[in-house]
Each structure stands twice: as structure tokens, then as C-alpha cells.
Amino acid sequence: MPDANANPAGRRPLMPLDEALARLLAQAQPLAAIEDCNTFDADGRVLAKDLIAALTVPPTDNSAMDGYAVRTADCAAPGAELRVAQRIPAGSTGEPLAAGTAARIFTGAPIPQGADAVVMQEDTEALAEDGSLGRVRVQAVPQAGQWIRRAGEDVQRGSVVLTAGQRLTPQALGLAASIGFATLPVRRRPRVAMLSTGDELVMPGTIAPEAMPPGAIYNSNRFFLRALLLRMGCEVQDLGLVPDRLEATIDGLRAAASQNDLIITTGGVSVGEEDHVKAAVQSLGTLEHWALAIKPGKPFACGTIARPAIEEGGRDLCHVCGLPGNPVSSFMTFLLLVRPFLMALLGARHTVPAAVQMMAGFDWPRPDRRREFLRARIGADGRLELFANQSSGVLTSTVWGDGVIDNPGGQAIAAGDTVRFIPFSAWLA
Ligand code: AMP
Ligand code: MG
């Protein structure tokens, strides 16, 4: 297998993705501020403290069915007839169950003392009797404990129900509410500024497609990056296209750094390319260029701009990530590096989604020496299909695909091989 980091004459050494990620994460310190968020609005936020249950859920043994609470000893044979001595709807409590009687009970209602099973309504016959709750015939012999939901089977009082660093899902909001939390302690939203470089870029809406000058292209990166950031719960400041003057660029970056935790730039990070953003970041702080051993997405820059802290106890610097301009490279480097970095700022425990093992339904005989992220989708036979054009400029591949195959550098793939697949859904959550 070729060495992915080999350095043929004239080429910069390539940095393995894992090393780049480790270096980036080493820079990330969770944001200091924690805020109380209404539980209704906390979907997608990262919990900043453990949630401990102050009560047991369910609080008491209760019925899992509409039916009758009984003593199994009274129903040892099919067809037992019992007097219905009480009625217990959800939200009320009954009396102790006397021997030889049944309690009409509804889902969620507490099991009366003395009862040891619930018989579902469908397994009974109500025998009407004037002026009372009547009698009931229990057709089937109940097992002790049947249709009883036990106190504490969901949550034990004192237990940690959700842990700090957990990204909240709709289910987690329900669970937090079930133990009485109306607000949740969450990490504040990261503030992120975006800016694009490239004289060829045109914003959709400013020039009609048929009037585009030669060489002009629409700025597509700005759209998916903004949406990705919003999905992660960031506050986004869009600085647009930077003006083509060094002083103006420095002023713009300094202003953005003073209010943000991260500045994301796109374009202008390729080898040998000159642009004002690089020089401007360097004049305000530090900037490192990496040639990543991945495809798409080789060029990447990261740095910092010093500034006063924007929160008590916070850091006195703004981070900078420079993404490549090619749309698929920009998309992938965001997912592979910027997203984990933002997750770390949020104090999230899981920064990188897990890959799943899937079977390839195609051949990939000439792999790149770099680790490739191949756009693929799940076919009708459950095997992965590859998008025909894997070029870093073909954004269609990311819409056609369900995710990417994470293929080690130099590894050929044959139909039937098991590959590592990362669904976009795991990244876009
Ligand atoms: P660069 O990284 O600046 O060399 O750009 C590489 C390629 O990506 C060029 O073809 C650019 O025109 C294109 N590109 C750069 N920025 C964007 C953008 N924001 N949206 C779409 N394409 C872009
Ligand atoms: Mg450019």
C-alpha cells in the first residue's frame, strides 16, 4: 500500500486527517458561558450539566391497560366472577383491593394495594347490575404482575438521566420534561463569521443566469456552510465577499474576530495562491497551512486572531478555519474538521459520527494515495452505489449521495467488499 504521506519531489508533505483533527481539537476549549434554555427550545443544544432525577418515574406501580385490577388468587380458573368494588381512572388513587373483588382501572392509574395483576378489558366480560359497578367475568387466568408498569422502571430518583456534553434530541427533551425540567442548562451558541474570497463569485439574485459574465460562478459554498452552521446551533454573521484591499480585509477580520469565536473563510488556501485574507490573518495573529491527506479537500488553513475575551472566563482569541473553494472540498472539510471543532467548543462528548460497515456494489480499482471520501448511495439491493463523477467541483454528488465511503489511502474496492460508510444524516443532525 502506498504511503499516503509520501512526499514526491516538489510536493508538500501531506498531513493525515487524524493528525489535523487532533491538532485542531487541541485548540478547542469549551465556551465558558452556560445559559438556561426553555426545554421547548433546547432541541440540538448541548447540555452543560448532568441532569439528576429528583423523582422516580413512574412514581407508583400503575396499569398498562384499560381493564381490571385483580388478585390472581381470586382468578385461578378461567371464568372467575368478581364484584367490581371500585373505579380508578388515571390521576386518582384507589382503596386497598378486598379479596374477591376487582377494581375497574384505566391506563396509567395506580395499582390498588393488594392487587397483583391487571386483566385487559378484552379478556373480560362486564356483567351489568343495577345501582352498582356490577360484576366482571375474567375469561383468562392472569399471570401475577401482568400489565403492571413498575414504579421506577423508567427513571430512578437520584440517577443521572442526561449527561453534560450530550446533544439534545427531541427524545431527550421529553425525558428531561418527564423529570420536571422546564429549562435546561446548555452551552451558549458559538458565534461564527463567514467570508468568501474569489473575484469570480457572484451572489444568486444579483445577476441573472443568462447575464453571467464569462468566468463568473455563483457563490454556492456560502449557502451550504450557513445552513450547516445553523443546524449546529451557531449564530452566523455573514461578512460576504471580502473587498480586494489588504487594509479593508484586516479591518473586516479584526471587527469579525472581536465578536466571534470562529471565522470561516472559503477559497484561496491552495498552494502558492495569494490573497489578502491569508496576509490579513497573519498580520492579526497566526495562520498554518496544511495539505491534508484526503480527497476531496486537500488544502486547509487554521489559525487564531487575538482579541479581548467576549465572555467572562472565556478565551482571548478568535479561531480561523480556511476551507478550500471547491464546493465538495469545502463541504467535506467542514464536516470532517470544522464541525468536530465546533462540537468541542460546545463541550459535546461525541464530536465525530460513527461509520457503519456496508457492502460495496461497485469496483474502485484505482484508489488515490490519499484517504478518499467517496459520495455513494444505498441501492435497492442494500449495497452501495458510487456517484460516477467524484470531482471536488461536482456538488450534485452530495445531493445524489446518502453519504460518503471513508476509504483508506491506496485501497482498491471490489464489489462485495465491506467498506466504512458515513451517512450524511449523521453529520447533518
Ligand atoms: P480556490 O480554493 O479559491 O482556489 O477555489 C477553487 C475552486 O472553487 C475555483 O473553481 C473557485 O471558483 C471555486 N470556488 C471558490 N469559492 C467558491 C464559492 N464560495 N462557491 C462556489 N465555488 C467556489
Ligand atoms: Mg480563489
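Predicted model: local features only at pLDDT ≥ 70, side-chain atom pairs only at ≥ 80, totals over all residues.
**Figure 1. Backbone contacts of ligand 1.** An oxygen atom of ligand 1 is found 2.9 Å from a polar backbone atom of G325, a polar contact in the sense of a pair of N or O atoms within 3.5 Å. The protein covers 80% of the 480 Å² of accessible area that ligand 1 has on its own (Shrake-Rupley method, 1.4 Å probe). At N326, a polar backbone atom is 3.1 Å from an oxygen atom of ligand 1. Residues are numbered from 1 along each chain as its sequence is written, chains are lettered from A and ligands numbered from 1 in the order in which they are written, and side-chain values use heavy atoms, with hydrogens and water left out.

**Figure 2. The shell around ligand 1.** Here you can look at the 15 residues that surround ligand 1, each with a heavy atom within 4 Å of the ligand. The closest are E200, N219, G268, G325 and N326. By class, the shell holds 4 nonpolar, 9 polar and 2 charged residues; Asp, Glu, Lys and Arg count as charged, Ala, Val, Leu, Ile, Met, Phe, Trp, Tyr, Cys and Pro as nonpolar, and the others, Gly among them, as polar.

**Figure 3. A salt bridge between E288 and R23.** The side chains of these two residues meet at 3.2 Å, N to O; the rule asks for a side-chain nitrogen of Lys or Arg within 4 Å of a carboxyl oxygen of Asp or Glu. E288 belongs to strand β18 (residues 285–291) and R23 to helix α1 (residues 17–27), so the pair ties together parts that are 265 residues apart in sequence. Helices (H or I, at least four residues) and strands (E, at least two) are DSSP runs, numbered from the N terminus.

Figure 4. V57 and P58 are joined by a cis peptide bond with omega about -10°, and P58 is in the loop between β2 (51–52) and β3 (62–63). Another cis bond runs from K295 to P296, with omega near 0°. W147, in the loop between β9 (135–138) and β10 (148–149), has a positive phi near 60°.

Notes
Polar contact = N/O pair within 3.5 Å; in protein donor to acceptor, adjacent residues only side chain to side chain.
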